[in-house]
Amino acid sequence: MDADIAKARALIEASAGRVALSEDDAKEVLACFGLRVPRRVVIGFGEPVGLALDGLEGPFVLKVVAPSILHKSDVGGVTLGLGDAGAVADAIDEMARRLSGHAIDGWLVEEMAQAGPEIVIGATVDPGFGPNVMVGLGGVLVELFEDVCFGICPITPGDAQRMLDSLRGVRLLRGWRGAAAVDEAAVIEAMLRIGGEGGLMMALSDLVAELDVNPLIVSTRGVMAVDARIVLRGDHG
Amino acid sequence: MVETVDFAPLFQPRSVAVVGASASAGGIANNFLRNLREDGFAGPVYAVHPTAASVEGWPAYPTLAALPETVDYAYVSVAAGRTPDLLRAAAGRVRFVQVIASGFAEAGEAALEADLVAACHEGGMRLLGPNCLGLYSARAGVSFISGVRMEAGGVGVLSQSGGLGADILRRGQMRGLRFSSLVTMGNAADLGPADLLQPLLDDADTQVIGLYLEDVKQGRRFFEILRAAGARKPVVVLKGGRTEAGARASASHTGALAQDDRLWQALARQTGAVLVDTLNRFLDALLAFQCLTPRARPSENVVLFGNGGGTSVLASDAFSRAGFAVPKLEDEALAQLEALKLPPGSSVANPIDTPAGTLRQERGAIGGRILAAVAAAPGIDAVVMHLNMPVILAYSDPDILPNLIRGALEARGAGAGRPHFILVLRSDGELSIEAEKQRYRATALSLGVPVFDELSDAADALACLAAHERFRHGA
């Protein structure tokens with residue numbers, strides 16, 4: 001696997017002492033292992049939007065950057081569908097007012113992903129079995145429907161396929177109710193980049209305690225890790 | 001400890017020492033000594049007793065160190081607190097020691113347990129237990145419980161519970177399982193599932209492995225051994241405590257969802273091990289693997305044949321739920337069945353439902369003709385014959401039932417491609433019928449046919465076999 005493990009480790013080392021990586025860093029770590037993440041910038045708290053979005057294409061997504069906020073969408077820390085830099089600037093003002101009780105580091109502005117079914121790929125380190133990887137039907141309702149399936153790392157391509165096949169909702173990816181079938185091979189590849197031989201969990205299980213890529217948006221042209229959370233091991237740093 | 005251990009002295013010990021038997025009263029160590037005689041243990045047996053010259057008719061020595069030779073296996077049943085020093089002084093006279101006493105880590109005495117392990121290693125031995133019941137080895141003639149059969153078979157079992165180990169042995173034998181060995185592991189302070197699995201996988205006398213597990217300390221090693229084995233030998237896992245809510249605080253969706261149950265399902269999916277939920281299903285699955293040879297083509301299509309309309313309907317449901325098809329028979333088999341001109345009330349569609357009156361034809365020999373037509377039909381993977389015993393035994397001719405079963409066994413065909421054949425003997429629990437059932441069970445088993453009590457049990461057991469076949473097929 002063509003992973004930049006040294007860069008990923010350096011990113012994590014730089015966040016030693018934190019419970020979790022910032023979303024921006026988490027995505028950078030995913031990118032080190034070949035996962036597609038949105039093009040994005042971080043704008044510091046109180047800084048103007050100005051030319052920060054030059055070179056990026058709208059529509060944009062705005063997300064709050066605040067270590068104390070675990071689930072951003074639950075507190076109104078995510079705004080979708082912002083057409084241009086002006087709309088982003090207005091949305092930042094509004095969100096700053098809404099979240100005035102939180103210590104805010106800044107704002108993450110990303111290119112919005114193409115629509116498609118949302119899945120989750122996650123990982124944990126079990127005290128007995130060690131690193132393991134999860135795939136499931138994603139979004140905020142993942143814990144309600146519990147349509148998830150685990151594999152013990154490193155998973156093989158066959159394991160990944162069988163995990164996907166075990167999901168009750170897998171037909172959502174295969175052209176449910178007239179929708180186009182999505183790029184299932186890209187989902188398998190993403191699972192392997194996180195949980196396969198040489199993947200993120202096998203390379204970083206001494207540093208990473210838990211990981212959520214939720215959602216991973218699947219389209220006819222590959223996958224995009226739209227949100228990511230990497231929880232660090234407490235015994236590190 | 002990383003050195004290679006030879007486990008033959010454990011699974012088939014040739015010399016045994018027993019510590020903790022009384023010269024006057026009778027405890028479990030006395031039972032163990034008596035069993036060795038009754039079960040025909042052929043090698044030397046040494047009792048260890050501070051003063052007596054013999055115990056239960058075996059020669060006694062004051063300490064393990066005083067034994068005239070190094071024994072393969074020592075059964076030690078003395079109070080927990082005395083055990084470490086007793087073993088520390090064993091001076092290399094024991095290869096494997098099993099410590100029966102409780103009162104170690106399970107009772108909060110982790111330091112005592114650590115001392116026990118250290119004492120064993122200092123004394124040059126490997127430890128089973130503590131807090132367990134003992135060992136069963138059919139070929140050696142060793143059993144920790146009295147009155148079980150010593151007829152050797154191919155089922156090897158590791159149990160993290162002693163009591164459940166005894167249940168597995170007794171109940172399993174009643175339904176036809178024949179064991180190579182059964183080891184109770186208790187707290188698994190030294191040797192645990194991950195250590196004992198590989199020797200069982202390598203053991204030529206063991207054809208199928210059953211594991212009752214609660215807490216696997218080296219889960220990853222256990223997984224890697226199973227994975228490397230590639231399900232060449234079937235492994236059935238009954239895992240206790242799978243529904244316990246994950247106690248870990250979690251900062252992610254995934255962490256909250258990573259429960260024990262899901263990880264064991266992952267292990268099964270990735271290694272081809274078969275995961276079951278109850279003791280009954282565990283024993284039934286082992287029986288299916290003991291009797292039936294996995295087919296190269298994963299089992300899918302089942303023919304059901306027997307007496308009882310409602311039973312046939314429920315049977316179809318049970319097999320469908322278990323993932324099987326109960327397909328229409330193709331024309332040639334159907335024509336053969338129709339040519340038998342079964343009386344009204346019979347149905348030759350699958351499920352083949354033949355009222356007891358039909359089965360009486362030719363004093364039961366009709367059963368063989370029906371099955372001969374079915375067993376030769378292409379695409380059939382399993383044939384399940386179910387007989388409602390009280391109904392058939394109500395007829396005055398006592399030969400009908402044996403003729404039915406014999407005819408069926410003869411008609412099931414030969415060779416590697418023949419369908420799995422399964423017998424379901426349904427009883428109302430009446431004592432004389434239960435006794436008959438045990439006789440037919442023995443006959444069927446001697447011919448390699450598993451017998452189940454109910455059709456749903458047969459469906460679940462066959463599903464375990466089919467899961468194994470699918471894994472092997474896909475591997």
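**Confidence, interface and domains**

Guide: In this predicted model, chain B averages a pLDDT of 92, and 97% of its residues score at least 70.

Visitor: How many residues of chain B and of chain A are in contact?
Guide: Contact here requires C-beta atoms, placed from the backbone, within 7 Å. By that criterion, 20 residues of chain B are in contact with 28 residues of chain A.

Visitor: Which helices of chain B each supply at least two residues of the side that touches chain A?
Guide: They are H7 (219–229), H8 (253–257) and H9 (260–271) of chain B. H9(B) provides the largest share, six residues.

Visitor: How do the residues on that side of chain B divide into nonpolar, polar and charged?
Guide: Nine are nonpolar, eight are polar and three are charged.

Visitor: Into which domains is chain A divided?
Guide: Domain 1 of chain A covers 5–36 + 115–232, and domain 2 covers 40–111. Taken over C-alpha atoms, the centres of these two domains of chain A are separated by 24 Å.

Visitor: How many residues of domain 1 of chain A are in contact with domain 2 of chain A, and of which classes are they?
Guide: Five residues of domain 1 of chain A are in contact with seven residues of domain 2 of chain A. The domain 1 side has one nonpolar, one polar and three charged residues.

Methods: Residues numbered from 1 in each chain as written. Chains lettered and ligands numbered in written order. Predicted model: local features only at pLDDT ≥ 70, side-chain atom pairs only at ≥ 80, totals over all residues. Contact = placed C-beta atoms within 7 Å. Helix = DSSP H or I, 4+ residues; strand = E, 2+ residues; numbered from the N terminus. Nonpolar A, V, L, I, M, F, W, Y, C, P; charged D, E, K, R; others polar. Domains from an automatic or database assignment. pLDDT = per-residue confidence, 0-100.
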